[in-house]
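Work through the exercises below with the sequence and the model in view, and try each task before reading its solution.

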Amino acid sequence: YPVNPKYSEIKGLPCYPDIAAVPQPCDVALIALAAPLVPKVIAQCGKAGVPFAVVLSAGFSEVGSEGAALQDELRAAARKHKVRVVGPNCLGIMNLMDNARIGFGGTMQLKTLTPGPIAMVTQSGGFGFGVAAIACYYGLGFNYIISTGNEADLTMLDWIADLIERPEVEIVTVFMEGITDGRRLIEIGERALELGKPILIWKVGNTEVGSRAAISHTARMTAGYELYRAAFRGGGFIEIRDVDDLIDICKVFRARKLPAGKRVAVLTLSGGAGVLLADRCVEHGLELPKLAATTTAKLREIMVSFASADNPIDATAHGYNDNFASYSRTIREVLADPHIDMAIARVPRGHAARPWAEGLIAVLQETAKPLVLNWPTAPDDNGEVMHYLEQNNVPCILAPGRAVHALAALNEFAGKKRAYTQRAGRLSPRPVTPRKLDLPQAAATLGEHRSKQVLKAYGVPVVEEVLMQAADIEALTRCSLPFPLAAKLGSHDIPHKTEAGVVRLHIHDLHGLKHAVREIMAAANHHKPDARIDGILLQQMAEGFEVIVGAVNDPCFGPVVAFGLGGVFTELMKDLTYRFAPFDAVAAKEMIAEIKGAALLSGYRGRPVLDTDALAEVLVRVSLLIADHADRIAEIDINPLFVRPAGQGVVAADALIVLKGQDS
């Protein structure tokens, strides 16, 4: 029903002056009006009983403060009148199962769009719809394609959460610029693993330039990309970076087979192709094991004498003599091998391709192990055979590297699903109960000594130390702590002590201590004459391997813990990994193993094996600390944390905690 007071008819359809005049009932209103008119129209929809509206109009939060105020008005109207809104600033939605195309534009009119078990949710309508059109051209079908726009009401996460529950959706593809609820993203990822449905996620706006573009495009502030990556790593997400990734990975998942492990067999008709595929498999973390002796013996009976029965398997082009029936038998035996979880095979060409393909489909019906075919030539060479195979859900991928990348993505998802199943019933008791902390009500940076007291309350080991006034140290005749010592200025106003020159290390006697304190006080006066000074912090010198442990209360993802190598490695290698708090010791050990320098903790080249159990315990305790007090703690920084040889524990040498205000 067209609605416009200027016309009585549009394209042969009677046009109505307002929504109240439209015959009832209506399911959805498609709004394409100047932005200032939209909130009133939303109210009219509610009064007329129209439960949904798709707002194509731009001119809202993406254009600045006036547009943002208009979007707030739209949102208020939608809530008051109980209308759920898609957009504004979107291209609409498509339900290709029912051929309901609710929007305008070129992609909406394409006849090549076909239904299928994939759904697309995109924050860029034009680009995302174009990607779906390309995927459909290559044989993939989409039941739903949704452009979310500015998300004044319904968000990308609302759509993803709904779509993964639908039986007609097996794969969800996402083009994401940014979200505002990271914890819900994590929950959706967990649910996707539980259901066994992958979410292929294409995250953009990850660089500084890209992030600025995303903000101007949809007015959506984005958290740091490293936190998105941490969320994607933990749930049923597969990150993609281009259209080819989406097409290839959807193809392998459409076969509905997950590998039990990462052991892959490579079968080719060309030795060079086999070597190339083997290289790519290893680069993607897959393994090419030796075949079982019984399998090798069977292959030698099937293949010609000059073929290779090792993995990668070179069956040679001899199969043209029997329409490659022997090659199909080879694939059957390899997939039956107990050492093999999945396989990649090259496809024959020419007149033998069709009968071989028919035999292969029969072979694949007998196994639950996935097989990916690497197409060896142009897609129009035996193109009808490719179409036949893919109609039977046998994935055909053009380039060797792309074929391996897709299979590796399948393996990644399968591994995460197995890990989810294992941890689903795991109950890990807290090593420390929630502690009540005596914290200042206002936003503040706690000094090092106070910060360590907070850490001690949660069982984090800290160096032995005492806070004294400079005058009292000057009067000492004996020090209460054994030498060697470190001396540091205690001041909330000078949180970065090294840069201010108010730290002295390796002090070996009382005379040296008093001299160091005089130097520290002079440096503090020079750096910030009006700084409030709590005293001088005397500490036992600590030794060990330096790591850093940090935590931040992110506006999007909430409490997050970071871990990495300390010292020069922090700046040089930027070797950090992240987890969302709270987490248990198993997750903490996974975190430790993820960093590039993990080998340095486990006895690399004669170094002592370090106490990673104690390190994992600290990570867990810090995660509980920031999770329990997320309403007050903004940041935690432990740098350095010294990790000692196995059995000797860890100790925090320096720490800083930043508080939010009571009402933040």
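**Exercise 1. Charge over the whole chain**

How many positive and negative side chains does the protein chain have, and how far apart do the centres of the two sets lie?

*Solution.* In this predicted model, the protein chain carries 68 positive and 73 negative side chains. The centres of these two sets lie 2 Å apart. Turning from charges to pairs, the count comes to 37 salt bridges when a side-chain nitrogen of Lys or Arg must lie within 4 Å of a carboxyl oxygen of Asp or Glu.

**Exercise 2. A pair between two loops**

Find the salt bridge of Glu 170 and state which parts of the chain the pair links.

*Solution.* The side chain of Glu 170 meets that of Arg 256, with a distance of 2.9 Å from N to O, in a salt bridge. The two residues are 86 residues apart and link distant parts of the chain, Glu 170 lying in the loop between helix 5 (156-163) and strand 10 (171-176), and Arg 256 in the loop between helix 9 (243-254) and strand 13 (264-268). As for accessibility, Glu 170 has a relative accessible area of 23% and is therefore partly exposed, whereas Arg 256, at 52%, is exposed.

**Exercise 3. A pair within one helix**

Describe the separation of Arg 191 and Glu 194 along their helix, and classify the accessibility of each residue.

*Solution.* The closest N and O atoms of Arg 191 and Glu 194 are 3.1 Å apart, and the residues form a salt bridge. Both belong to helix 6 (residues 182-195), and because they are three residues apart there, about one helical turn separates them. Arg 191 is partly exposed at a relative accessible area of 27%, and Glu 194 is partly exposed at 44%.

**Exercise 4. A pair and its network**

Are Lys 452 and Glu 465 buried or exposed, and which residues belong to the salt-bridge network that includes them?

*Solution.* The side chains of Lys 452 and Glu 465 meet in a salt bridge, at 2.8 Å from N to O. This pair links distant parts of the chain, since Lys 452 sits in helix 16 (residues 448-457) and Glu 465, 13 residues apart from it, in strand 19 (residues 465-468). Buried means under 20% relative accessible area, so Lys 452, at 1%, is buried, and Glu 465, at 16%, is buried as well. Salt bridges with shared partners join Lys 452 and Glu 465 with Glu 448, Lys 488, Lys 497 and Asp 654 into one network.

Terms used. Residues are numbered from 1 along each chain as its sequence is written. This is a predicted model: local features need pLDDT of at least 70, side-chain atom pairs count only at pLDDT 80 or more; totals for chains, interfaces and linings use all residues. Side-chain values use heavy atoms; hydrogens and water are left out. Lys and Arg count as positive and Asp and Glu as negative; His and the chain ends are not counted. The place of a charge is taken as NZ of Lys, CZ of Arg, CG of Asp or CD of Glu. Helices (H or I, at least four residues) and strands (E, at least two) are DSSP runs, numbered from the N terminus. Buried means under 20% relative accessible area, exposed over 50%, partly exposed in between (1.4 Å probe, protein chains only).
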